[in-house]
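I would ask you to look at the sequence and the structure together while I speak.

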Amino acid sequence: MTIMKSEIQARSIEDQTLPVCLADIERAAARIRDRVTRTPLVRSASLSRLTGQPVHLKLETHQPIGAFKLRGATNAIVALDQTARERGLVTASTGNHGRAVACAAQMLGIPATICMSSLVPANKVEAIRALGADIRIVGVSQDDAQEEVDRLVADHGVTPIPPFDHVDIVAGQGTIGLEIVEDLPDLSTVLIPLSGGGLAAGIAVAVKALRPQARIIGISMERGAAMHASLTAGRPVAVREEQTLADSLGGGIGLSNHVTFPICRALLDDIVLLTEDEIAEGIRHIAREENEVAEGAGAVGVGAILAGKVKLSGRTVAILSGSNIAPDVYRHIIEGDAA
Ligand SMILES: *Cc1c(COP(=O)(O)O)cnc(C)c1O
């Protein structure tokens, strides 16, 4: 299932000022240079052979926390003034954003608290504790954890670090776009895993500024694609959250979204949605043919190519956004044929 540019693009790029520009991303690149990994862009022999077009993979799986989110979190935290830093940081994410905030805070010597519900699995709790963050267990849902974040911000002036809808987060993720254009100046298409849209918005701003002809395609799962539903509706809407292999792509975009929604609306050329089997196929291919580990969210670009859901012409880059997948789920997919 796809929607075309004409449906999702309300206004052209020239008609409006977007919340993030190329200069913001260049500033972010200078800020985070010594603190995150400049990841490799590798040519995929198997996908190039399969499609008859050059396909390249951007390995954000090689970041220290196994996902690109270290870029945005580091940029947002470095940008804080001394007062905000001293008050400490807080977020409610238990996934890659939570790890990124914990890791960046530890690197910069700033205290961070990650709020989570009592239902979060012990291995996830320990992974974040190991990165030096304070863990605060509250309630029985992600909403309860977020309420605790809001309380700490309101009552104690602690600094919240949001997962995507923030100009410094988007600018940090956009540094991937600068690196891709540097490594592959004649790129034609970028395939980007899409959830809240921080990754897609950042890369799109950088790539479209430097290579206006390049196509930017967001990839989500069929089960609960919030940005796709919102762009179709013309405003941020809530979706029902469902179990998916691409668990890092779950969750809403925020009903008061003011950064990533307008950028995705202006700059995404298309959105592709994948079934669970197509996501599993992507994970398996990346393991067997590319010798890399990708989580479901990180495999959707390759899954979309294998499923024939994107038309390739010219040099294509798929972002392998992360590698943090539960070992039992991974083993099951690699050994089996079904999702
Ligand atoms: C967060 C995340 C995404 C989606 O990023 P958004 O900025 O929310 O669109 C994709 N892949 C992985 C591995 C992630 O952790």
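This is a predicted model: local features need pLDDT of at least 70, side-chain atom pairs count only at pLDDT 80 or more; totals for chains, interfaces and linings use all residues.

Lysine 309 and glutamate 278 form a salt bridge, and their closest N and O atoms are 2.8 Å apart. Where do lysine 309 and glutamate 278 lie in the chain? Lysine 309 is in the loop between helix H14 (300-306) and strand S11 (315-320), whereas glutamate 278 belongs to helix H13 (residues 276-290). The two are 31 residues apart, and the pair thus links distant parts of the chain. With 23% relative accessibility, lysine 309 counts as partly exposed, while glutamate 278, at 17%, counts as buried. The reasoning rests on a cut-off: buried means under 20% relative accessible area.

How many salt bridges does a search of the whole structure find? The number is 15. One of them joins arginine 71 to glutamate 179, with 2.8 Å between the closest N and O atoms.

I turn now to lysine 208 and aspartate 269, whose side chains meet in a salt bridge of 2.7 Å, N to O. Lysine 208 is part of helix H10 (residues 198-210), and aspartate 269 lies in the loop between helix H12 (260-267) and strand S10 (270-274); the pair therefore ties together parts that are 61 residues apart in sequence. Lysine 208 is buried, and so is aspartate 269.

My next residue is serine 46, found in helix H3 (residues 45-51). Is serine 46 buried or exposed? Its relative accessible area is 6%, so serine 46 is buried. Its side chain makes a polar contact of 2.9 Å with the side chain of histidine 285. Leaving aside residues up to four places away in sequence, serine 46 touches His285, Glu289 and Glu290.

Finally, the record. An unreviewed UniProt entry lists residues 33-322 as "domain: Tryptophan synthase beta chain-like PALP". In the model, this span is 44% helix and 16% strand, and its end C-alpha atoms lie 19 Å apart.

Methods. Residues are numbered from 1 along each chain as its sequence is written. Side-chain values use heavy atoms; hydrogens and water are left out. UniProt positions are given in the numbering used here, feature names are shortened, and annotations may be inferred rather than shown by experiment. Helices (H or I, at least four residues) and strands (E, at least two) are DSSP runs, numbered from the N terminus. A salt bridge is a side-chain nitrogen of Lys or Arg within 4 Å of a carboxyl oxygen of Asp or Glu. Buried means under 20% relative accessible area, exposed over 50%, partly exposed in between (1.4 Å probe, protein chains only). A polar contact is a pair of N or O atoms within 3.5 Å; within protein, one must be able to donate a hydrogen and the other to accept it, and residues adjacent in sequence count only if both atoms are side-chain atoms. Contact means heavy atoms within 4.5 Å.
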